[in-house]
Amino acid sequence: MAPWKEGGSVRRLIVPFLMTLSLPACAQEGLRYRIQLWMRGDAQPMETRFRLQSTVGTRSHNKVQKPRMGGWRLEADRTQGTPYVQAMLLSRAERLLYLAGPAPQTRPEPIFLRFGNRSLPVWSLEMPRGIHASTVLVEVAPKLLALCDFSARFEQGDIARLELHLEGLNSTGKLAPAEAGTTLLSTLQTWAREATAEVPSGITVQDR
C-alpha cells in the first residue's frame, strides 16, 4: 500500500468536503463525527457515528478554587455503524480529537468550510516526521479549534487505515477548550517515536 504523504495541500482535502458537509435536521448540541477503521486485508471498514459535547470542570473541596478546564463526552449513535465495536472505536477516536485553542503546530489558512448557514475558518496542523497522515481543523468559536478531518495510513501493524470526519454541528455556544483538548498532538508524537523504534504492540508507522 502506498504511504500517506505528509505535508499535503490543505486545499486538496477541502474540495470533497465542500460538496458533502451538511447539517443534520435532527442535530443536537455539539459536534457530530464519523470514525472509520480498516483492518489490514479487510475491504470494508468498521465505523460508528458519535457526538462530542463539552463537560464542566470538576470543583475541588479546597477553600481556594483554582480554575479548572472541563472535558468532553462522546455519545455514540447506537442505531448506526458496525455492531459490537463502538466502545473500541470511541476509545480510538478520543485519542485523535482536538478541542483547544491554537498551538504552535497550527496555522490559519485562507479557506472557509460551510456547515449549514455557518462558514468556519480552516486551520492546518503540522505533521511530525514519519507520520503518513493529514489533518484539518476548523474554528468553531473565536480561538477554539476542533478537529474537522483526520486521515492516516499505516504500513505496519493490524490497522491499515483510519479516518475521522466532522459531519455536522449545531449549537456550539457551550463548547469550550477541554483539559485533554490537544490529545491529538500527543498521539501524533507517540506515533512519530514508534516510527523510529520497534514496538511490540499497538499501531506502528514506517518512516520514509
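The chain holds 3 helices and 9 strands, where helices (H or I, at least four residues) and strands (E, at least two) are DSSP runs numbered from the N terminus. Read from the N terminus on, the order of elements is α-β-β-β-α-β-β-β-β-β-β-α. The model is a predicted one, in which local features need pLDDT of at least 70 and side-chain atom pairs count only at pLDDT 80 or more, while totals for chains, interfaces and linings use all residues. Residues are numbered from 1 along each chain as its sequence is written, and side-chain values use heavy atoms, with hydrogens and water left out.

Of the 208 residues in the chain, 47% count as buried. Buried stands for under 20% relative accessible area, exposed for over 50%, and partly exposed for values in between (1.4 Å probe, protein chains only). The accessible surface of the chain is about 11,500 Å², and carbon and sulfur atoms account for 52% of that surface. These areas come from the Shrake-Rupley method with a 1.4 Å probe; for residues, only the protein chains shown count as cover. Among contacts in the chain with a separation of 6 or more, 62% are between residues 24 or more positions apart, a contact being heavy atoms within 4.5 Å.

In soluble globular proteins, nonpolar side chains tend to be buried together. Here the largest nonpolar core has 53 residues, and Tyr33 and Phe150 have the most contacts inside it. Strand E8 gives the most to this core, with 7 residues. Such a core is a set of buried Ala, Val, Leu, Ile, Met, Phe, Trp, Tyr and Cys residues joined through side-chain atoms within 4.5 Å. Leaving aside residues up to four places away in sequence, Phe150 touches Leu96, Ala133, Ser134, Thr135, Leu162, Glu163, Leu164, Leu184, Leu188 and Trp191.

Ser186 belongs to helix H3, residues 183–194. This serine counts as partly exposed because its relative accessibility is 46%.

Two loop residues remain to be described. Tyr84 is in the loop between strand E3 (71–76) and helix H2 (86–94). Its phi is positive, about 70°, although Tyr84 is not a glycine. With 86% relative accessibility, Tyr84 counts as exposed. Lys143 lies in the loop between strand E7 (133–141) and strand E8 (144–153). Lys143 has a positive phi near 60° and is likewise a residue other than glycine. The relative accessible area of Lys143 is 54%, so this lysine is exposed.
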